[in-house]
Amino acid sequence: MTYHFPIIRPRRLRNTPTLRRMVRETTLRTDDFIYPLFIQHGVGVRDEISSMPGQFRLSVDQLEQEIKEIDKLNIPAVLLFGIPAEKDPIGLENFADGGIVQQAIREIKRIAPELLVITDVCLCEYTDHGHCGILDDHGYALNDQTLAILQKVSVSHAEAGADIIAPSGMMDGMIQAIRASLDEAGFERLPIMSYAVKYASAFYGPFRDAADGAPKFGDRRTHQMDPANVQEAMREAALDVQEGADFLMVKPALAYLDVIQRVKSAHPELPLVAYNVSGEYSMLKAAAANGWLDEKGSVLEKLLSIKRAGADVIITYHAKDAARWLME
Ligand code: PBG
C-alpha cells in the first residue's frame with residue numbers, strides 16, 4: 001500500500017461519538033456474561049472472600065436475594081462452585097443428592113427458573129488432598145478412575161436440574177465419558193461446556209482461597225497445561241470437539257488472548273468461552289482500591305478485549321458491575 005497522506009486520514013472516522021459508535025467492531029453485552037458463585041453449608045452465611053473483594057461465599061438461604069439481583073440485571077447464567085461439609089479421598093459429597101451444589105441448583109431453579117445454572121465438575125474442592133482426581137500411591141491423578149467419578153457428579157448435577165455441565169479437571173476423555181453417562185441417564189439434551197484449554201496458572205490463587213481447593217501437596221502440572229504451549233491447546237480443543245463438547249473454553253483469559261484467538265479461528269462453529277479468572281479479577285480490584293486504576297474503565301476495556309480476541313461468552317466476577325455499567 002502506498003502512503004496517501006494527506007488524502008487518507010483514519011482520524012475522520014473518530015470524529016464524533018455517533019460516528020465512533022457506528023464503526024465500532026466489537027460490542028460487550030450483558031448477554032455475554034456468566035457469573036460464578038461459591039456456595040457453602042450453613043445458614044445466614046455471606047462471607048466476603050478476603051482475596052476477592054466484592055465476592056462472597058453464600059449459604060443456600062442467601063441465594064434468594066443474590067439470584068434475584070443477578071436475574072434483574074439480565075445476566076443469563078451463573079456458574080456454581082461448592083464447598084463441601086467434609087472432604088475425603090474421592091469427594092463423596094460431589095455426587096450426593098443432598099450435596100451443597102445439588103441443593104443450590106434446586107433453590108436457584110425455584111427462584112429464577114429461566115436463569116441458566118452451569119455447574120463446575122471437578123474433584124479438587126471435594127477431596128481432602130485437594131487434587132482434581134483420585135490419586136495413586138505416588139500422588140498421580142489416575143485418569144480413567146477419575147472419569148468414573150466425573151460421570152457420577154455430572155449425572156447428579158443433571159438430576160438436580162443443572163442446565164449445562166462444565167467439567168474443569170483436564171482429564172483425558174472427560175467429555176466423551178460425561179456425554180455417554182448423561183445420555184444413558186436420559187440427559188441427551190444437556191449441553192457440555194468443556195474447560196478444553198486450561199493452563200496450570202498462578203492466576204487461580206485467589207480462587208483456591210475462595211473454594212478451599214488448593215492442593216495439599218504438589219501441583220496440577222500433570223493435567224493442566226503448560227503456559228508455554230499453544231499447539232497443544234489446538235490439540236486439546238480439537239479432541240473435545242470430536243468428543244462432543246458443545247462449548248469450548250480457554251482459561252485464564254487475559255494472559256492468553258492469543259490462545260483465544262487461535263482456538264476461535266480453528267473452531268468458529270462452537271461458542272468459545274473465556275474464563276476471566278480470580279487472579280485477573282483481584283489484581284484489578286487491588287489497583288482500583290489503591291486509586292491506581294479507574295475500575296469501570298479498566299474492567300470494561302479488559303472484557304471488551306477478551307471478546308475482541310474471539311470469545312463469545314465470558315465467565316467473570318465483574319459480571320454484576322459490568323452489567324450495571326452497560327445499562328448506564
Ligand atoms: C477447578 C477450578 C479452578 C478454577 C475453576 N475451576 C481452580 C484450579 O483449577 O486450580 C479457577 C477459577 C478462578 O481462578 O477464578 N475446579
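**Cavities and ligand site**

1. The lining of the largest cavity divides into seven nonpolar, three polar and six charged residues. Ala, Val, Leu, Ile, Met, Phe, Trp, Tyr, Cys and Pro count as nonpolar, Asp, Glu, Lys and Arg as charged, and the others, Gly among them, as polar. A cavity is a set of points, on a 1 Å grid over the protein atoms alone, where a 1.4 Å probe fits but cannot get out; lining residues have an atom within 4 Å of a point.

2. This is a predicted model, in which local features need pLDDT of at least 70 and side-chain atom pairs pLDDT 80 or more, while totals for chains, interfaces and linings use all residues. Residues are numbered from 1 along each chain as its sequence is written, and side-chain values use heavy atoms, with hydrogens and water left out.

3. The largest cavity holds about 120 Å³ of space. Cys124, Lys198, Phe207, Arg220 and Lys251 are the closest to its centre among the 16 lining residues.

4. The space taken by the ligand is this largest cavity (a molecule sits in a cavity if more than half of its atoms lie within 2 Å of its grid points).

5. An oxygen atom of the ligand lies 2.6 Å from a polar side-chain atom of Arg208. For Tyr317, a polar side-chain atom is likewise 2.6 Å from a ligand oxygen atom. In the side chain of Glu125, an N or O atom is 2.8 Å from a nitrogen atom of the ligand.

6. The second largest cavity has a volume of about 50 Å³, the space filled by probe spheres set on the points, with grid points joined across faces, edges and corners. Its lining includes Tyr35, Gln55, Glu66 and Lys320.

Terms used:
A polar contact is a pair of N or O atoms within 3.5 Å; within protein, one must be able to donate a hydrogen and the other to accept it, and residues adjacent in sequence count only if both atoms are side-chain atoms. On a 1 Å grid over the protein atoms alone, a cavity is a set of points where a 1.4 Å probe fits but cannot get out, and a pocket is an open set with protein on both sides within 12 Å along at least five of seven lines; lining residues have an atom within 4 Å of a point.
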